[in-house]
Amino acid sequence: MNDEDHMRRALELSLQGRPSPNPYVGAVLVKDGMVISGGYHRKAGMPHAEVEALRGVDARGAVLYVTLEPCSHYGRTPPCTKAIIGAGVSEVVYGIDDPTDKVKGREELEAAGVKVRSGVLAAECERVNEVFLKHSRTGRPFVVLKAALTLDGQIATKTGESRWITSEESRRVVHELRGRYDAVLVGINTVLKDNPRLTCRVEGGRDPLRVVLDSRLRIPLDAKVLADRNVLVAAAEGYDRKKMGELEGKAEVVVLGKDKVDLDGLLTELGRRGVTSVLVEGGSTVNYSFAKAGLVDKFIFFMAPKLLPGGNTPVFRGEGMAGLDEAVRLKVTGVKNVGEDLMVEAYPPR
């Protein structure tokens, strides 16, 4: 096995964790050409991948493969660099540098005589940690727009019927996504029409923060999304002040924007609160607003082998664009079958 094989295994291990707001990190320890252990960062506050891989083995003279530059500072856990040096590891190979200023792992390892190489499967390592990297570099959450649609781009019939356009397998993947992202966001029309819970219904999953765009505070007090207090309602000036008082104890309300919610300001506020990622599950208008404003970092489309010709509900609805030069151009990075549907992942230009 070569460097890429070992790093690929470390990447696979990293995805077993649920570490937000920390990065996904996996580690593989190789000695005399043989893999002797591996580890991953399970959850924020728990031991890091490097420490997990070093536990209970003789690491003297071994090579440690890790997806992200080892940390060198005290946080919720001690520095990984000290554990690596103390274990007698002779070489560390990692995928990408940590963008945070407090991490000087490479410098500390090299000062202790540990050989260090980086850049192995760097693109793959960046993709796995796209959320962490975006939040670390900008202070704002990574935004994913998810939509379930027909092959002709419709998300509901002319009467608003949308359950279920896609397959049960696709819906299960959506719940897994909710468990991976910090927040899920919808518009008030989705709440009024579908009354969703927006929870993660997979075993071991974590319910995200629910964010509702509701400029005038029209949300019903018995809406399912208000089942617990893990809800943020974003309103605009001119909101229903009586409803504001009635929502006390059910949800937190923030006022951002004059006539409608300032989406850019909302993302800044969410980032300030430590929300590293947002899954947008809005209707046509919300989808259009995010895409037109260039606020989406990644698109995920679940496309069902169905057609809804005629005047139904498109995935994006807004004022439209005058020319093709205004099109949101995407790079498709993944297409796979999920049940009878196609799951398409695409990114706008960075």
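**Note on a predicted structure**

1. L198 has a relative accessible area of 3% and therefore counts as buried, where buried means under 20% relative accessible area, exposed means over 50%, and partly exposed lies in between, all with a 1.4 Å probe and with protein chains only. The model is a predicted one, in which local features need pLDDT of at least 70 and side-chain atom pairs count only at pLDDT 80 or more, while totals for chains, interfaces and linings use all residues. Residues are numbered from 1 along each chain as its sequence is written, and side-chain values use heavy atoms, with hydrogens and water left out.

2. L198 sits in the loop between α8 and β9, and its phi, near 65 degrees, is positive although the residue is not glycine. N195 lies in the loop between α8 (188-194) and β9 (209-213), and this residue, again not a glycine, has a positive phi near 50 degrees. With a relative accessible area of 27%, N195 is partly exposed, whereas L198 is buried. As background for a reader new to these angles, most residues other than glycine have a negative phi, and most peptide bonds are trans.

3. One joins S20 and P21 and is cis, with omega about 10 degrees; P21 is found in the loop between α1 (3-14) and β1 (26-31). Another cis peptide bond joins R163 and W164, with omega about -5 degrees, and W164 belongs to the loop between β7 (154-156) and α7 (168-180).

4. The loop between β7 and α7 also holds T159, which is exposed, with a relative accessible area of 67%. Although T159 and G311 are 152 residues apart along the chain, their C-alpha atoms are separated by 10.0 Å.

5. For the protein as a whole, the secondary structure comes to eleven helices and 16 strands, these being DSSP runs (H or I of at least four residues for helices, E of at least two for strands) numbered from the N terminus. A compact globule of 350 residues would have a radius of gyration near 20 Å, and the protein has 23 Å, which agrees; the radius is taken over C-alpha atoms, and the globule rule is 2.2 Å times the number of residues to the power 0.38. Along the principal axes, the C-alpha atoms fill a box of roughly 65 × 45 × 40 Å.

6. How many of the residues count as buried? Of the 350 residues, 50% do. The protein exposes about 17000 Å², of which carbon and sulfur atoms supply 49%, with areas from the Shrake-Rupley method and a 1.4 Å probe. Among contacts between residues at least 6 apart in sequence, 67% join residues at least 24 apart, a contact being heavy atoms within 4.5 Å.

7. After α3 comes G88, whose phi is positive, near 85 degrees.

8. D97 is placed in the loop between β4 and α4, and is partly exposed, with a relative accessible area of 48%. Which residues does D97 touch, leaving aside its neighbours within four places in sequence? D97 is in contact with L68 and E69.

9. In helix α11 (residues 284-292), the buried residues are S284, V286, N287, Y288, F290 and A291, and the helix is followed by G294, with a positive phi near 70 degrees. G320, in the loop between β14 (313-314) and β15 (331-338), is in contact with Y288 and K292 when its neighbours within four places in sequence are left aside. G320 and K292 are 28 residues apart in sequence and 9.2 Å apart in space, C-alpha to C-alpha, and G320 counts as partly exposed at 35% relative accessibility.
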